[in-house]
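Subject: Structure handover

Hello,

Here is the structure I promised to pass on. My notes follow below it.

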Amino acid sequence: MEYVVEMLNIRKEFTGIVANDDITLRLKRGEIHALLGENGAGKSTLMSILFGMYQADRGTIKVGGKEVRISNPNVANQLGIGMVHQHFKLVENFTVTENIVLGSEPRKWGIVLDVKQAGKKIEELSKRYGLNVDPYAKIEEISVGMQQRVEILKMLYRKAEVLILDEPTGVLTPQEIQELGKIMKNLIAEGKSIILITHKLKEIKEFADRCTVIRRGKTIGTVDVAPTSETAMAEMMVGRQVSFKVQKTESDPGKVVLKVDSLTVRSGRKSLALSNFSLEVRAGEIVGIAGVEGNGQSDLVEAVTGLRKVESGKIYLYGEEITGIPVRDRIESGIGHIPEDRQRRGLVLDYSLGENMVLEVYHKEPFSRRGILQKQAIRKYADHIIESFDVRSGGSAASTVRSLSGGNQQKAIIGREIERNPVLLVAVQPTRGLDVGSIEYIHKRLIEHRDKGNAVLLVSLELDEIMNVSDRIAVVSNGELVGVVRAADTNANEIGLMMAGVRREAGA
Amino acid sequence: MKNSLIISLCAVVFGLLAGAVLMLATGHNAVTGYSYLFQGGLKNPERIGNTFATASPLIFSGLAVAFAFRTGLFNIGVAGQLLVGGFCASVVGLNLDLPKVVLLPIMLIAGALGGALWSVIPGLLKARFNVHEVVSSIMMNWVGFWTVYYGVQSYIKNPSSETESKQLPEAATLKAHWMTDLFHGSYINLGLLVAVVVVIVVAFIINKTTFGYELKAVGHNRDASEYAGIAVNRSIVFSMAISGAIAGLGGVALYAGNASNIQIGILPSQGFDGIAVSLLGANNPLGVLLSAIFFGLLYSGRGFMNAMTDIPPEIADSIIAIIIYFSATSIMIERLIRWLIRRRANAKLNASQDGKVKSSHVEHD
């Protein structure tokens with residue numbers, strides 16, 4: 001069998017951490033090859049080596065059977081290897097064509113940029129692979145899904161034979177994921193090969209031909225996807241049995257903890273982000289907010305946690321109005337918040353893990369006395385969270401948070417928030433970017449938190465997560481509450497319809 | 001921390017080397033040049049005292065910049081804050097007839113308040129209207145410049161000179177006999193001691209207190225600080241006020257210590273040198289102290305070098321400028337160091353691995 005890319009016995013060590021330890025990955029021509037592994041298993045490092053951003057300490061890379069040395073991304077490009085990063089690298093106010101030709105601009109008479117010719121070529125490529133991209137649209141005017149296609153086009157324009165897609169579905173809606181699947185099929189039909197980095201088993205099952213699983217820097221094995229079950233792959237990845245079904249008992253709702261009463265929130269100068277929204281979350285229950293991204297979820301969360309001003313309406317916590325009070329008072333009165341954007345909101349990346357663990361409580365005893373920080377107490381508290389939430393870092397509480405992998409950053413935040421034992425926990429996308437093992441664990445902790453008699457407001461774009469973890473589901477569309485249903489007696493279909501704005505009576 | 005020390009030392013070494021090249025290129029002997037430069041700053045107790053005295057205002061200005069930097073702000077208005085602080089202290093010193101032990105603290109407080117007033121305006125503008133502090137604080141420099149110009153001429157003008165303020169009386173200066181005697185008649189003064197105390201206080205605030213924790217958090221990440229319930233806007237105003245107060249104290253050291261009156265029409269260069277001092281000191285209070293003393297050495301030694309050789313004193317300024325370039329491009333130096341380390345490590349690895357790689361090839365084929 002012909003291999004387009006072979007990475008053999010790759011080892012890469014960073015000071016103190018072995019990121020890749022003897023990894024072998026062989027990519028056949030015309031296949032979609034999934035690379036599966038937990039957060040921090042070494043997927044990104046491996047791909048960065050293939051793309052020339054790091055040099056392997058040991059091992060060989062062969063492209064088309066010949067041994068190569070990929071010293072930088074330009075060499076990778078010349079070898080026909082292209083990468084679509086998780087965070088797109090596009091110039092917002094340039095057109096699609098301008099973005100694609102950036103760096104290798106076609107010229108007329110030596111100096112004039114020949115956009116027309118490039119545009120034509122891009123249009124052809126777009127048609128050939130069924131990408132359906134308008135070459136003259138501006139990036140800021142097209143959807144995230146389209147932007148991703150532009151990234152793919154960029155690779156094709158540069159004649160890439162091997163495409164690395166790094167977590168491509170994280171930012172897409174279910175429909176867009178299906179379309180991406182079609183595009184990938186088109187690409188391999190034309191003889192391209194794809195490495196798909198992901199930890200979503202469902203997508204591997206759906207799209208990939210073969211799958212290489214790595215765990216803690218080592219290759220566990222390469223399997224054909226068709227005969228392998230999701231459970232089997234999950235086990236390979238995590239190294240133990242994983243249950244997909246969330247274990248939980250029937251909820252036993254008590255008093256109303258959070259009451260949102262006809263809340264209206266304006267987003268920037270623009271239209272209403274949330275209009276006349278009312279919701280109750282009781283003690284001992286998890287209420288999930290389902291909806292397509294940008295339909296008012298973030299605005300609701302920011303209004304409840306005090307980060308956004310409310311236009312009208314009221315918010316109560318245990319019957320007491322908290323609508324206008326500052327963030328710190330809300331924290332004190334028992335609101336915990338796992339924010340949507342962990343790096344922007346949840347952490348001070350240049351602070352140590354220890355310092356981040358007391359971000360909301362540093363001013364209280366025992367973490368400080370008379371305005372002086374008590375490093376020892378902070379350290380002890382941090383070590384406790386690190387241990388009980390299995391946050392892995394190079395140097396425990398002293399390491400800067402920036403050096404932690406995304407999954408561990410998220411675990412640290414979740415640990416910090418749950419440790420404070422808030423009566424209301426607002427969890428926004430708590431498992432985004434995490435692997436099955438961690439997801440299972442975090443869901444368990446959320447349910448535990450509920451069982452202690454606290455209220456949990458769960459916002460997620462993953463319908464599965466909402467359906468599995470929540471007791472009741474509130475569906476938002478366009479900033480309005482479409483309806484609230486019990487998780488036990490609904491299904492994905494109904495929620496999907498409601499997310500599109502169809503009310504229950506009409507839908508059912 | 002250790003890394004930044006190495007980078008700063010590299011910057012100093014490169015700067016001195018470049019200075020040597022400049023001296024050689026202009027046909028002078030670099031060894032004699034440097035020997036006179038350092039002798040000029042260190043030769044005898046008086047010269048050492050002068051080096052410290054030159055360094056004192058730089059410690060304050062460097063600390064002012066560093067404090068703001070650590071909290072995410074760029075206070076480029078230190079020059080104006082020095083001037084206004086010095087002016088406020090001079091007005092107090094010229095008008096109050098009190099014993100020295102009482103008068104000096106009052107003057108220091110007046111200086112700190114003056115400096116704080118000048119920096120809190122950019123702070124408020126930033127917190128309230130998101131006006132960038134670089135723009136507003138640099139404008140405040142000129143507001144301060146002309147305010148002091150007018151203030152000196154109208155209220156505390158020297159009767160025998162149009163361009164300077166009245167001489168401060170003995171009780172109103174930071175000069176101390178015991179220090180002057182200790183350093184054999186140098187113009188060293190209590191400003192140095194105040195500077196050292198402020199260095200310690202600032203280091204303590206930044207590293208040990210909840211207040212410093214808040215200010216740094218806001219500097220690193222405003223969104224996360226807001227999320228954590230820290231009053232972000234208040235932090236910004238406090239940071240700027242403290243930075244300005246430190247600069248204002250520097251103004252007292254400058255105009256009521258090293259000098260004993262204010263020359264109008266001059267924006268003190270120490271204000272801008274503070275940026276360089278802070279940069280070389282890696283925004284660390286102790287680093288600022290050391291780098292200010294080093295700058296003081298260069299400044300006080302260059303006169304001697306000029307007197308003893310025909311090397312132009314501008315060479316010393318060029319060395320300072322080159323050092324600033326190197327510390328500003330610390331990333332470059334860091335990369336250089338890392339590249340050297342990696343090259344050595346790779347060489348070792350390749351040597352030890354040549355055999356292994358070959359044998360593994362055979363297996364795969």
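How far apart do the C-alpha centres of domain 1 of chain B and domain 2 of chain B lie? They lie 27 Å apart. Domain 1 of chain B covers 1–28 + 310–343, and domain 2 covers 52–306. These bounds come from an automatic or database domain assignment.

Some ground rules. This is a predicted model, in which local features need pLDDT of at least 70 and side-chain atom pairs count only at pLDDT 80 or more, while totals for chains, interfaces and linings use all residues. Residues are numbered from 1 along each chain as its sequence is written, chains are lettered from A and ligands numbered from 1 in the order in which they are written, and side-chain values use heavy atoms, with hydrogens and water left out.

**Chain B overall**

Chain B has 15 helices and zero strands. Both are DSSP runs, numbered from the N terminus: helices are H or I with at least four residues, strands are E with at least two. The C-alpha atoms of chain B fill a box of roughly 95 × 60 × 35 Å along the principal axes. Chain B has 365 residues, and 52% of them count as buried. Buried means under 20% relative accessible area, with a 1.4 Å probe and protein chains only. Take the contacts in chain B (heavy atoms within 4.5 Å) with a separation of 6 or more: residues 24 or more positions apart account for 75% of them.

**Between the domains of chain B**

The area buried between domain 1 and domain 2 of chain B is about 1300 Å². That is the accessible area (1.4 Å probe) that two parts lose on being put together, summed over both. Carbon and sulfur atoms give 76% of this domain interface area.

The rule finds one salt bridge across the interface of domain 1 and domain 2 of chain B. A salt bridge needs a side-chain nitrogen of Lys or Arg within 4 Å of a carboxyl oxygen of Asp or Glu. Arg302(B) and Asp317(B) form a salt bridge through their side chains, at 2.4 Å, N to O. On the side of domain 1 that touches domain 2, the elements giving two or more residues are α1 (2–25) and α14 (314–328) of chain B. α14(B) gives the most, with nine residues.

**Chain B against chain A**

Here 24 residues of chain B are in contact with 35 residues of chain A. The buried area is about 2600 Å², and carbon and sulfur atoms give 53% of it. Three salt bridges cross the interface of chain B and chain A. Glu226(B) forms a salt bridge with Arg345(A), with the closest N and O atoms 3.0 Å apart.

Which elements of chain B each supply at least two residues of the side that touches chain A? They are α8 (191–208), α9 (210–220), α10 (222–227) and α15 (330–364). α9(B) gives the most, with seven residues.

**One helix in chain A**

Helix α8 of chain A spans residues 230–238. Its buried residues are Met233(A), Ala234(A), Met236(A), Met237(A) and Val238(A). What covers the buried residues of α8(A) includes the strands β3 (32–37), β11 (210–215) and β12 (218–224) of chain A. The helices α7 (201–207) and α15 (436–451) of chain A are also included in that cover. Gly239(A) follows α8(A), and the phi of Gly239(A) is positive, near 90°.

Best wishes

Definitions and conventions. Buried < 20%, exposed > 50% of the residue type's maximum accessible area, 1.4 Å probe, protein only.
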